[in-house]
Amino acid sequence: MAAAAAAMSRPACGVFGIAAFRMSQPRPRKSPASKTASGRAPTLYAIIFFKLGKALLLLLLALGVWKLSDRNLPGLFRQVLLFLHLDPEKQFFVDLGLRLGQISQHRLQWVAAGTAFYSLFSLAEGIGLWLRAGWAGWMAIGESCFFIPIEVYELLHRFSPTVAVVLILNVGIVWYLLANRERLFRHHH
């Protein structure tokens, strides 16, 4: 009886009456603790962009190395130097050309294959992070942690601003993903 009285007190809006009534009701607020993995995470998006960009660049590098594997590298190097209007007879370029001549086609193909594999690793990592998969978070943490000791070693033996920036980025990625893994990734319990 009370439901019928409440229905009569509301204005009749036809089919849209129910929707209008529902839209006028206040939505319950979500507590910060109940944030799901679909929340905004601009830092994660930056990491995803970095991983996918790295995957694309590495794949292009692998294709380039693969295409060079059957070419005369010293002759190609000389052509590039002439195109850039550099003297190919300078001792530095002569030594570099000789070293390029020592690289075998087989070794270049292995380098191309390894680079292609690493690009696929980065691609899987980026897509997994985009889908907010927990395994991708651990994969990104593991990869970044792997390179931190190498970068520290490089900095201790010869300082490079580029290596310092990469080290800071890797430490930041590890810290961010570890600190926010519960919020960022779907967990299947």
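Analyst: Axes are lines fitted to C-alpha atoms, for helices over the stretch in contact, and angles between N-to-C directions run from 0 to 180 degrees. Note that this is a predicted model.

User: OK. At what angle do α6 and α7 pack?
Analyst: About 135°, with the axes of α6 (residues 105–130) and α7 (residues 134–157) 8 Å apart. Angles over 145 degrees count as roughly antiparallel; α6 and α7 are therefore oblique to each other.

User: Is the crossing of α6 and α7 left-handed or right-handed?
Analyst: Left-handed.

User: Which residues meet there, α6 against α7?
Analyst: From α6, Y118, F121, S122, A124, E125, G128 and L129; from α7, W135, A136, G137, M139, A140, E143 and F147. By class, this contact of α6 with α7 has 9 nonpolar, 3 polar and 2 charged residues.

User: And α7 with α8, what is the angle there?
Analyst: The axes of α7 and α8 cross at roughly 150° and come within 9 Å. That makes the α7 and α8 pair roughly antiparallel. The crossing of α7 and α8 is left-handed.

User: What does the contact of α7 with α8 consist of, by class?
Analyst: It divides into 17 nonpolar, 3 polar and 3 charged residues. On the α7 side they include W138, I141, I148 and L155, and on the α8 side they include V163, L167, V174 and R181.

User: Switching to α4 and α5. How do their axes cross?
Analyst: At roughly 145°, coming within 8 Å, for α4 (residues 73–83) and α5 (residues 91–101). α4 passes α5 in a right-handed crossing.

User: Which residues make that contact between α4 and α5?
Analyst: L73, P74, F77 and L81 of α4, with F93, L96, G97, L100 and G101 of α5. The contact of α4 with α5 has 7 nonpolar and 2 polar residues, and no charged ones.

User: Now the largest pocket. What volume does it have?
Analyst: About 190 Å³.

User: Which helices each supply at least two residues of its lining?
Analyst: α3 (42–68), α7 and α8 (161–184).

User: And which residues line the largest pocket?
Analyst: F50, K51, K54, Y118, E143, S144, F147, E151, V166, L169, N170 and I173. They divide into 6 nonpolar, 2 polar and 4 charged.

User: Which of those turn up in the helix contacts too?
Analyst: Y118, E143 and F147 line the largest pocket and are also among the residues where α6 meets α7. S144, E151, V166, N170 and I173 are among the lining residues and also belong to the contact of α7 with α8.

Definitions and conventions:
Residues are numbered from 1 along each chain as its sequence is written. This is a predicted model: local features need pLDDT of at least 70, side-chain atom pairs count only at pLDDT 80 or more; totals for chains, interfaces and linings use all residues. Side-chain values use heavy atoms; hydrogens and water are left out. Helices (H or I, at least four residues) and strands (E, at least two) are DSSP runs, numbered from the N terminus. Angles under 35 degrees count as roughly parallel, over 145 as roughly antiparallel, 65 to 115 as roughly perpendicular and the rest as oblique. A crossing is left-handed if the near helix is turned anticlockwise from the far one by less than a right angle, and right-handed if clockwise. Contact means heavy atoms within 4.5 Å. Ala, Val, Leu, Ile, Met, Phe, Trp, Tyr, Cys and Pro count as nonpolar, Asp, Glu, Lys and Arg as charged, and the others, Gly among them, as polar. On a 1 Å grid over the protein atoms alone, a cavity is a set of points where a 1.4 Å probe fits but cannot get out, and a pocket is an open set with protein on both sides within 12 Å along at least five of seven lines; lining residues have an atom within 4 Å of a point. Grid points are joined across faces, edges and corners, and a volume is the space filled by probe spheres set on the points.
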